[in-house]
Amino acid sequence: MRNLYLDNGATAFPKAPNVAESMCKYITEIGSNVGRGAYETSHEAEGVLFETRELICDLFHTNQPENVVFTKNVTESLNILIKGILREGDHVIVSSMEHNAVMRPLHSHMLKNIEITEVACDKMGLIKPEDIEKNLKANTKAVIMIHASNVCGTIMPAKEIGQICKDNGVYFILDVAQTAGILDLNFADLKADALAFTGHKGLLGPQGIGGFICTDHLAEEMTTFIEGGTGSKSDSVYQPDYMPDKFEAGTPNMPGIYGLHASLQFIKDKGLESIRKHEMNLTEAFLDGLKTKDHVKIIGIANTINRMAVVSLDFINEDNGIVGFTLDRQFGIKTRTGLHCAPSAHKTLGTLEQGTVRFSFGYFNTLDDVKYALEVIDQCKNL
Ligand SMILES: Cc1ncc(COP(=O)(O)O)c(C=O)c1O
């Protein structure tokens with residue numbers, strides 16, 4: 001049976017070619033901590049850590065490596081950002097397409113009396129920037145938003161929203177989990193105060209490493225999330241107030257950093273344009289092939305304009321959970337079924353009851369994979 005991975009929206013597989021080798025090198029040949037040793041291998045690891053910050057800066061066209069903070073994933077990044085900036089009585093705006101990585105920290109017991117406005121998106125999962133503007137209030141502290149939907153792939157008008165935030169003195173925090181490593185994101189052009197990323201999706205790196213970049217202004221205003229050793233200012237019991245140490249307490253995930261270093265280098269060598277073009281070619285072929293299949297409904301945008309390679313389907317007369325199970329056990333195709341950690345997004349798209357079967361293509365998929373998936377979809381009737 002064929003083994004076809006089409007769940008790159010959850011995590012990329014395979015990873016970039018040198019990821020495993022680079023992680024293995026760290027574990028077997030380096031092993032040293034960073035910022036806590038004066039020996040050569042420690043300095044070598046520090047060099048890779050710094051270069052990884054620089055590669056993140058290259059990716060987002062910025063030049064402040066000290067403002068790149070590494071975390072374990074985008075969920076941790078968003079927790080640090082949300083809980084670091086919101087105070088009692090603040091108002092925050094989100095879209096109705098958010099992942100729980102935004103919604104759950106906003107509803108955390110750690111935040112008291114935060115007013116949340118969820119701006120409704122249309123049936124395509126798209127938000128209107130003017131609807132953000134209409135909902136601004138005197139106490140609006142931040143707009144926190146997904147850049148592209150993990151349910152249906154719709155890309156949000158982030159630049160326009162960033163401009164509205166800037167004009168109104170409101171922080172703009174963008175969850176780029178689904179777009180980093182695929183779209184060319186320019187931190188300054190987006191007018192964002194922070195981009196929160198995860199290493200294991202479009203960045204093609206390992207699980208357990210993620211991070212965020214942020215402006216000086218936001219970094220200064222945010223309180224710390226956790227405190228601890230940094231290998232710096234070791235004569236003090238207080239967390240350093242400078243970047244990135246302010247938000248990087250404890251030993252970093254160095255195997256993850258080595259893996260991410262390799263995957264970022266791979267992305268840089270390939271170029272975002274060719275990655276994006278390939279993923280859109282696959283998506284176009286998939287969407288074209290679906291046109292003749294009456295037993296499935298495409299959720300959200302049915303063409304390649306303004307979308308990522310994440311396509312959710314509703315198998316109209318089937319149980320989508322059973323379809324996903326059949327795709328895997330009978331045909332070897334791995335997809336994600338059900339609700340994709342985004343209840344409001346499913347409400348917006350009308351799929352809260354039945355969930356979806358999500359096909360998400362990655363850089364290492366081929367047109368032949370798409371052809372096979374389309375053939376198999378034909379067989380997922382009357383299960
Ligand atoms: C848009 C979006 N935000 C946040 C997350 C959470 O990612 P992670 O589990 O890597 O923190 C995901 C992935 O599931 C996602 O797609």
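On a 1 Å grid over the protein atoms alone, a pocket is an open set of points with protein on both sides within 12 Å along at least five of seven lines, a cavity is a set where a 1.4 Å probe fits but cannot get out, and lining residues have an atom within 4 Å of a point. The model is predicted, with local features needing pLDDT of at least 70 and side-chain atom pairs counting only at pLDDT 80 or more, while totals for chains, interfaces and linings use all residues. Residues are numbered from 1 along each chain as its sequence is written, and side-chain values use heavy atoms, with hydrogens and water left out.

The table sets out the two spaces; a volume is the space filled by probe spheres set on the points, which are joined across faces, edges and corners. Ala, Val, Leu, Ile, Met, Phe, Trp, Tyr, Cys and Pro count as nonpolar, Asp, Glu, Lys and Arg as charged, and the others, Gly among them, as polar.

| Space | Volume | Lining residues | Division of the lining |
|---|---|---|---|
| Largest pocket | about 410 Å³ | 27 residues | 12 nonpolar, 9 polar, 6 charged |
| Largest cavity | about 180 Å³ | 19 residues | 10 nonpolar, 7 polar, 2 charged |

Nearest the centre of the largest pocket lie Phe 70, Glu 248, Ala 249, Gly 250 and Pro 252. The elements that give two or more residues to this lining are α2 (40-59), β2 (68-71) and α3 (74-85), where helices (H or I, at least four residues) and strands (E, at least two) are DSSP runs numbered from the N terminus.

In the largest cavity, Asn 8, Ile 182, Gly 202, Glu 279 and Phe 361 lie nearest the centre. Its lining draws at least three residues from each of domain 1 (4-14 + 272-378) and domain 2 (19-270), with bounds that come from an automatic or database domain assignment.

Phe 70 belongs also to the largest nonpolar core, where Phe 60, Phe 70, Phe 172 and Leu 195 touch the most other members among 68 residues. Such a core is a set of buried Ala, Val, Leu, Ile, Met, Phe, Trp, Tyr and Cys residues joined through side-chain atoms within 4.5 Å, and buried means under 20% relative accessible area with a 1.4 Å probe and protein chains only. Helix α8 (residues 254-270) gives the largest share of this core, 8 residues. Because domain 1 and domain 2 both give residues to this core, it lies between them.

Methods. Buried means under 20% relative accessible area, exposed over 50%, partly exposed in between (1.4 Å probe, protein chains only).
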